[in-house]
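Hi,

Here is the structure I promised to pass on. Have a look first, and my notes follow below.

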Amino acid sequence: MLSRRVFRRLTDSLLLGSFSKPAAGFSIVSKYSSCRSHSRPTASPIRHASSSSSTRWKSRQGKDFFAKEARVQGLKSRAAFKLLEMNEKYKLFKPGQTVVDLGFAPGSWSQVAVNRTVPDGRVVGIDIIPTQPPKGVSTIQGNFLSPAIQAEVRAYVQDPNLGRPHRQTALPIQEEDGSKGLTEAESEEIERGYIDIGRREHLEGVETESIGQLDAERDHPDGRDGKLSRKERDRRDGRVVDVVLSDMSEPWDQTTGFHKRSLSDPYFRMMNTSGIAFKDHAGSMDLCMAALEFSFDTLRVGGHFLCKFYQGSEDKALETKLKRLFSKVHREKPDSSRSESKEAYFVALRRKENQTREEVFRE
């Protein structure tokens, strides 16, 4: 387990300004400590019938150290501590980066990424489940395996202005004669908000036009490649993402809870694992491969890739492909990952420059 000193160092800086900070005098204690209430006994709550698996899950969550800490620190889930631990070890994030979080719901990894890339960083989350995004995160709802959704994500990140924090500026004072004030069109533009502005620009084809221009440059090189810097070559080829995160799991179709109207509830109602080891492993391999192909197209040279997978017979083949594209590849099982879980993580560092698609994805 993480020592108390290391755990505090990981979490102290995560407390964003928008998060609820614990009361003064609060300290993180060992998960084996206990406290005894001195208040008067209260009447037992009314218990409702539930399945045995649901009861076990609730009991485990109530006793889980990381789940309790996530609630205290205002994090979306305990999964944030897995990313915090791996970032502490491998230094994945830097200020100003562009991060794509695949399967971001409920949003704890995006919370960590936003905190670690300020100022001027941007985080884009994609998930099939409708989820309220954390503050500062741009999201696209859809099935990531769909080519149309992947094209939309590429178009979004290739516009350097979309998804970045907007600095507030003072508005000019309206003069009596109206000469120095805002025009009616400018006022409407401000009232519309940056979300609608970004959506309108996207629909007008600004990104699509730029993509077509990049494709034309690729198809008709002018012989200046040797004079372009590595950053310029990345931008020309559409590789503008610094870190790709994939915490995707194949969800089961929803069968219950349709009466609940909260945006975040679907994540908790839809099962992420089937309990069948090979099924979960095979599904995770498909998702990891899709994330790797996306990274090949969008990740800049020197960028990092992190994906969750369920261990099995095919993960060696995925590791081999990762080693062809990245300088270093590590298998990780964070302390905050439950020991009984088959999940593990590949941390791939520093994308190589001259690898071709055929070299990377050959069998």
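How many cavities of 30 Å³ or more does the structure hold? There are two. By cavity I mean a set of points, on a 1 Å grid over the protein atoms alone, where a 1.4 Å probe fits but cannot get out; lining residues have an atom within 4 Å of a point. Points are joined across faces, edges and corners, and the volume is the space filled by probe spheres set on them. The second largest cavity comes to about 50 Å³. Its lining has 12 residues, and Phe 104, Ala 105, Pro 106, Ser 108 and Asp 247 are the ones nearest its centre.

Before you read on: this is a predicted model, where local features need pLDDT of at least 70 and side-chain atom pairs count only at pLDDT 80 or more, while totals for chains, interfaces and linings use all residues. Numbering starts from 1 along each chain as its sequence is written, and side-chain values use heavy atoms, with hydrogens and water left out.

Now the overall picture. The protein has 13 helices and seven strands, taken as DSSP runs numbered from the N terminus (helices H or I, at least four residues; strands E, at least two). Of its 363 residues, 42% are buried, meaning under 20% relative accessible area with a 1.4 Å probe, protein chains only. Among contacts (heavy atoms within 4.5 Å) with a separation of 6 or more, 68% are between residues 24 or more positions apart.

β2 pairs (at least two DSSP bridges) with β1 (residues 98-102) in the parallel sense over five bridges, and Thr 98 is bridged to Arg 122. Five bridges also join β2 to β3 (residues 137-141), again parallel, with Val 123 partnered by Val 137.

Cheers

How values were computed. Buried < 20%, exposed > 50% of the residue type's maximum accessible area, 1.4 Å probe, protein only. 1 Å grid on protein atoms, 1.4 Å probe; cavity = no way out; pocket = protein on both sides within 12 Å on 5 of 7 lines; lining within 4 Å.
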